[in-house]
Amino acid sequence: MNDYQLHNFTGVEFSVAFTTAIEERLDKHFIKDEVQEDLTFAYWRPSRAASRYTGIIYDLLLPEQDERILQGNVAFTHDYLERVLDSCPAESGIALIHSHLGPGWQDMSGDDIVAERDRLAGVVTGRTGLPLLGLTWSTDATWSARFWLRADRREYRRQWVTTVRSVGPCLRISYAPHLSPPPSKTERLVATRSVWGETTQDQLARTRVGIVGLGSVGSLVAEALSRTGLQRLVFIDNDVIEERNLDRTLGALWSDVTARTPKVDVAKRVADQSHTAEEFSVLTIAESLITPHGLAAALDCDVLISCVDRPWPTYILNKLAYLHLIPVIDGGIIARLGSSGSLLHIDWTIQTVGPGRACLLCLDALRRSDVALDREGSLDDPDYIQGLSSGEQERFQRRNVFAFSMSVAAHEILQLVGLISGNNRIGGTGPQRYRAYPGRMDVKSVGQCHPDCDISPLTATGVPIIADLQVEYGYLARRPPPSEALRTHQTKRRSFLRHVLAVIRGSMNRHHG
């Protein structure tokens, strides 16, 4: 499929994303003492989700002194365009970014339209196979953007971009006012607006947030977001309500147990009754994140809140945060019990990952060995779990109660508001770990990934994550449970290996003695 034909984008929402580091370079280029517009070309990669098409800008090709004409307005030279076309990497598109001397969202002048539609759209599409992307920067760093798609031979039509996202330690989103206007002011959110202000609430309400995992923590997060006035939510979970979920899942009823109601449907039922936004919608995906539909729905979101308790989907979310510039807010709970079954200690952690922040692997909030075990199905094998040490078993037991979930959910919401507002007094300054005894919150600095991390170099690559996972691991969903015969064989093999290790340890102890 050609990714520049207008008819291929029916019903698609458009977005642009770049890192805060890219935006800082653009600010430095555009902010001038004199009254003068400027421009630059950039390279971008496409990220296509279920209903959104995003241009991820990953590199700038700033002009040399003689490559544009500065006379109040600005124009690029033929030599500059040729250099940009000749240097364009494979599978990348070209963007023209220029500044306007005014604040707020910017429309296009007649000269802007001629430059993009008439001079560039056909040349760029013909060379790259991707549409021309145009962006306008205003003096208060508000962005407007559009794609130029081919409607007919030599005819290109402008498609306005709904959101332009700058992603880093904070998430700053510019909205096209005619496509995503600020929400109307109602009495329902007077108290909420009085705390963090109208600007933050307007931004927060229009942010599309996805929740992955709608169990004990996720169901509470969903309720909090609906009451906080968010307009568009996405729920992703393939589980159904069971009897053991009734003490931890908000809104779950006994009738849901007998009906095997999907958890996403229970969360939607509650949100539909409690939401405070006048315009409100929930998309439910009753599938695992590790499916084409689950991943595509996740890529539609501006922020993802991870409420899963499995290493494999957590790893995917961690990787997605950098590949596609979608911050992920992650939370987890560990409860430690003594040999008699008495409660020893409870910890829960909350951290936000994405560009400009250390990833879950570098934070030691996720272990590659656990990911490998989850992928191969070992964490679904009770015999394997039984053979682990008590410390290792604690990581996989998934012990939780409603009281713990409320705390984790609350802190995930606060980190979301802090991410959107940029106010550390709401979300804190970095990853948080709460120790229930003696009752202490430890906070790490935001930090960066380790020099040898293989996740951060993927930032803004926009690699299609479904294809990437298929290449890397050969499959998407977790393998089906092993057959009875295979489980028997695996159990005997592990028992034999444990016996061999015990003999070796005994021999070593005798030798040292």
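Two strands are taken to pair if DSSP finds at least two bridges between them. In this predicted model, strands E10 (residues 163–167) and E11 (residues 171–175) are joined by 5 bridges and run antiparallel. The two strands form a hairpin, with 3 residues between them. One of the bridges links Thr163 to Tyr175 in E11. Strand E11 is mostly covered, as 4 of its 5 residues are buried.

Ser99 has Trp137 of E7 as its bridge partner.

The protein as a whole comprises 16 helices and 19 strands. Of its 513 residues, 54% count as buried. Among contacts between residues at least 6 apart in sequence, 68% join residues at least 24 apart.

Helix packing is illustrated by helix H5 (residues 216–227) and helix H13 (residues 402–421), whose axes come within 8 Å and cross at roughly 45°. H5 is therefore oblique to H13. The crossing of H5 past H13 is right-handed. On the H5 side, the contact is made by Ser216, Val217, Leu220, Val221, Ala224 and Leu225. The H13 side contributes Phe402, Ser405, Met406, Val408, Ala409, Glu412, Ile413 and Leu416. An α-helix has 3.6 residues a turn, so residues three or four places apart point the same way.

Helix H8 (residues 292–299) is largely enclosed by the rest of the structure, because 6 of its 8 residues are buried. The buried residues are Gly294, Leu295, Ala296, Ala297, Ala298 and Leu299.

Two further helical positions were examined individually. Gly197 is located in helix H4 (residues 190–206). With a relative accessibility of 24%, Gly197 counts as partly exposed. The C-alpha atoms of Gly197 and Ser421 are 9.5 Å apart in space, although 224 residues separate the two in sequence. Val257 is located in helix H6. Its relative accessible area is 16%, and because the cut-off for a buried residue is under 20%, Val257 counts as buried. When residues up to four places away in sequence are not counted, Val257 touches Ile241, Glu242, Glu243 and Leu246. The C-alpha atom of Leu246, 11 residues from Val257 along the chain, is separated from that of Val257 by 8.4 Å.

Most residues other than glycine have a negative phi, and most peptide bonds are trans. Ala141, in the loop between E7 and strand E8 (143–152), has a positive phi near 65°. Ala141 is buried, its relative accessible area being 15%. Arg260 likewise has a positive phi, of about 50°, although it is not a glycine. Arg260 is found in the loop between helix H6 (254–259) and helix H7 (263–274). At 54% relative accessibility, Arg260 counts as exposed. Finally, the peptide bond from Tyr437 to Pro438 is cis, with omega near 10°. Pro438 lies in the loop between strand E18 (432–435) and strand E19 (440–443).

Conventions
Residues numbered from 1 in each chain as written. Predicted model: local features only at pLDDT ≥ 70, side-chain atom pairs only at ≥ 80, totals over all residues. Heavy atoms only, no water. Buried < 20%, exposed > 50% of the residue type's maximum accessible area, 1.4 Å probe, protein only. Contact = heavy atoms within 4.5 Å. Axes fitted to C-alpha atoms, helices over the stretch in contact; angles between N-to-C directions. Parallel < 35°, antiparallel > 145°, perpendicular 65-115°, else oblique. Left-handed = near helix turned anticlockwise from the far one by under 90°.
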